[in-house]
Amino acid sequence: MSIKTVKKIEEKISSLNTTNLIKYILENYRNVALSSSLGAEDQVLTDMIFKINKNSRVFTLDTGRLHSETYKVMDETNLKYGVKLEVFFPKFDDVEKLYITQGVNGHFESIDNRKNCCNIRKIEPLKRALKNVDIWITGLRASQSITRTNLPVIEWDENFKVIKLNPLINWNEDDVWEYISANKVPYNKLHDQGYPSIGCEPCTRAIKAGENIRAGRWWWEDPEHKECGLHKK
């Protein structure tokens with residue numbers, strides 16, 4: 001796959017709605033996978049994907065520091081669709097070294113420490129998950145963050161050398177929840193407690209009225225830094 005393939009796909013999907021866009025990708029390309037955080041957007045895509053092809057690849061990253069509610073929705077998802085989501089874990093020796101060098105919660109002490117933690121718990125497992133994947137589907141939306149405002153529906157991801165498809169990039173919050181309600185999609189109950197964006201438990205908090213929906217992620221950092229590296233431009 002290459003940048004030329006991105007242009008070719010872009011022409012084919014430009015007039016398709018989200019469901020048909022995903023259907024086209026699944027039916028015309030073999031090595032396709034959705035990376036799911038088990039948040040609302042990814043649950044929408046999981047529902048769409050498994051309705052089209054139950055044998056499609058959907059994987060998640062278990063960093064070892066997730067909320068109990070996240071594990072619960074993982075279980076509910078497996079039961080509803082009769083599947084078993086793929087789960088990728090960080091390498092245990094890397095986690096042990098992380099603890100030795102910066103302790104349990106050293107990620108609060110500096111951006112470098114936090115990025116180091118993200119790299120070990122998320123980036124390295126993602127690299128393994130994306131091995132042999134040609135098209136990587138994500139649940140990114142433009143309105144989630146200033147770091148995502150100009151993302152296209154489809155792009156070449158230079159960091160992971162893969163085509164990245166963002167089918168929900170132009171969806172708003174209401175679109176997501178209307179779909180979940182209409183299709184009875186399992187969702188993380190932390191969303192009902194003021195958590196629009198959910199990651200690792202130590203690095204996620206509920207947001208206050210009027211705050212940006214990503215304000216609860218790495219809330220001690222400036223907005224410009226609020227990416228872990230999974231979707232770094």
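This is a predicted model: local features need pLDDT of at least 70, side-chain atom pairs count only at pLDDT 80 or more; totals for chains, interfaces and linings use all residues.

Trainee: What relative accessibility does Asp175 have, and does Asp175 count as buried, partly exposed or exposed?

Mentor: Asp175 has 28% relative accessibility and counts as partly exposed.

Now place the residue. Asp175 sits in helix α7. That helix spans residues 173-183. Asp175 and Lys4 are 171 residues apart along the chain, and their C-alpha atoms are separated by 31 Å.

Next, follow the chain past α7. Trp218 is found in the segment after that helix. The backbone deserves a check there: Trp218 has a positive phi of about 45°, although it is not a glycine. Trp218 is also buried, because its relative accessibility is 3% and the limit for buried is under 20%.

Lys161 shows a backbone feature of this kind too. Its phi is positive, about 55°, and Lys161 is not a glycine either. Lys161 lies in the loop between β5 and β6, where β6 covers residues 162-165.

Trp156 is partly exposed, with a relative accessible area of 21%. That value sits over the 20% cut-off, so Trp156 does not count as buried. Phe59 is 97 residues from Trp156 in sequence, and the C-alpha to C-alpha distance between them is 20 Å.

Phe92 is another aromatic residue to look at. It is in helix α5, residues 92-102. Phe92 is exposed, at 61% relative accessible area. Arg121 is 29 residues away from Phe92 in sequence, with 9.6 Å between the two C-alpha atoms.

Then the cysteines. Cys203 counts as buried, at 10% relative accessibility. The closest cysteine sulfur to that of Cys203 belongs to Cys200, at 5.8 Å. A disulfide needs the two sulfur atoms within 2.5 Å, so this pair is too far apart for a bond. Cys118 is buried as well, with a relative accessible area of 7%. The disulfide count comes to zero.

Finally, the whole chain. It has seven helices and six strands. In sequence order they follow α-α-β-α-β-α-β-α-α-β-β-β-α. The radius of gyration is 17 Å, close to the 17 Å that the globule rule gives for 233 residues, so the chain is as compact as a globular protein of that length. Along the principal axes, the C-alpha atoms fill a box of roughly 50 × 35 × 35 Å.

Of the 233 residues, 52% count as buried. Take the contacts between residues at least 6 apart in sequence: 68% of them join residues at least 24 apart. The chain exposes about 11,700 Å², and carbon and sulfur atoms supply 49% of that area.

Note on methods
Residues are numbered from 1 along each chain as its sequence is written. Side-chain values use heavy atoms; hydrogens and water are left out. Helices (H or I, at least four residues) and strands (E, at least two) are DSSP runs, numbered from the N terminus. The radius of gyration is taken over C-alpha atoms; the globule rule is 2.2 Å times the number of residues to the power 0.38. Buried means under 20% relative accessible area, exposed over 50%, partly exposed in between (1.4 Å probe, protein chains only). Contact means heavy atoms within 4.5 Å. Accessible areas come from the Shrake-Rupley method with a 1.4 Å probe; for residues, only the protein chains shown count as cover.
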